[in-house]
Amino acid sequence: MNIGQASQASGVSAKMIRYYEQIGLITPAMRTGNNYRTYGDQDIHNLRFIKRSRTLGFSLEETETLLKLWRDKGRESAAVKDIALAHIADLERKIAEMKGMVKTLSHLAHCCGGDNRPDCPILDDLAGTDTPVHPGADIKVKR
C-alpha cells in the first residue's frame with residue numbers, strides 16, 4: 001500500500017510516517033520503480049504500535065525502546081514493566097504539578113475582582129510583585 005493507505009490503515013499521518021522514517025524509528029519503506037513508498041502489513045502493525053505508545057504519552061526514545069522489546073521475542077517482561085512504571089511515576093509527577101497550577105490559578109482568580117478597576121492579583125503574580133490581594137490588606141498572594 002502507498003503512504004496514504006498506510007496512514008489511513010494505521011491512524012498515523014503521512015507526515016509523521018515520513019518523520020519516523022527520517023529519525024530511524026521505523027525502517028524506510030520500500031520504493032517502487034517510480035520512487036513511491038510502499039508499506040506492508042508489518043509496517044502497519046509497527047505504526048499502530050507507535051501510535052498507541054505515543055497516545056499513552058511515551059517519548060520517542062521510550063517508544064523506540066518499547067518497539068525493540070516488542071520485536072524481541074526473547075525479551076524479559078521485567079524490562080517492559082520497568083519502563084511502564086517509570087512512565088507512570090513521571091505522569092503522576094506531572095499531574096501533581098498541574099493540580100498545583102490549578103490550585104494557584106483558582107486562588108488568584110478568586111482574589112481578582114474581575115471588575116472595571118485595573119487592580120489584578122493574577123497579573124501581579126505573573127509579574128512577580130508582592131502586592132496585597134486587596135489594597136490595605138495584609139494578605140499577600142502566594143507565589
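Helix 4 passes helix 5 in a left-handed crossing. In this predicted model, the axes of helix 4 (residues 60–71) and helix 5 (residues 77–111) come within 10 Å and cross at roughly 155°. Because angles over 145 degrees count as roughly antiparallel, helix 4 is roughly antiparallel to helix 5. On the side of helix 4, the contact is made by E62, T65, L66 and L69, and on the side of helix 5 by A79, V80, I83 and H87.

S53, found in helix 3 (residues 41–55), is in contact with F58, T63 and L66 when its neighbours within four places in sequence are left aside. L66 therefore takes part in the contact of helix 4 with helix 5 and also touches S53, a residue that is buried, with a relative accessible area of 5%.

The largest nonpolar core has 14 residues, of which I17, Y20, I26, Y39, L47 and I50 touch the most other members. Helix 1 (3–10), helix 2 (14–22) and helix 3 each supply at least two residues of this core. For L47, the contacts beyond its neighbours within four places in sequence are S10, V12, I17, Y20 and I26; I17, Y20 and I26 are themselves among the core residues that touch the most other members.

S7 is found in helix 1. Leaving aside its neighbours within four places in sequence, S7 is in contact with V12, S13, A14 and I17. V12 and I17 are also among the contacts of L47.

G114 lies in the loop between helix 5 and helix 6 (121–127). The C-alpha atoms of G114 and G33 are separated by 66 Å, with the two residues 81 apart along the chain.

| Residue | Relative accessible area | Class |
|---|---|---|
| S53 | 5% | buried |
| S7 | 15% | buried |
| G114 | 67% | exposed |

The classes follow from the cut-offs: S53, at 5%, and S7, at 15%, count as buried because buried means under 20% relative accessible area. G114, at 67%, counts as exposed because exposed means over 50%.

Technical notes. Residues numbered from 1 in each chain as written. Predicted model: local features only at pLDDT ≥ 70, side-chain atom pairs only at ≥ 80, totals over all residues. Heavy atoms only, no water. Helix = DSSP H or I, 4+ residues; strand = E, 2+ residues; numbered from the N terminus. Buried < 20%, exposed > 50% of the residue type's maximum accessible area, 1.4 Å probe, protein only. Contact = heavy atoms within 4.5 Å. Axes fitted to C-alpha atoms, helices over the stretch in contact; angles between N-to-C directions. Parallel < 35°, antiparallel > 145°, perpendicular 65-115°, else oblique. Left-handed = near helix turned anticlockwise from the far one by under 90°. Core = buried A, V, L, I, M, F, W, Y, C linked by side-chain atoms within 4.5 Å.
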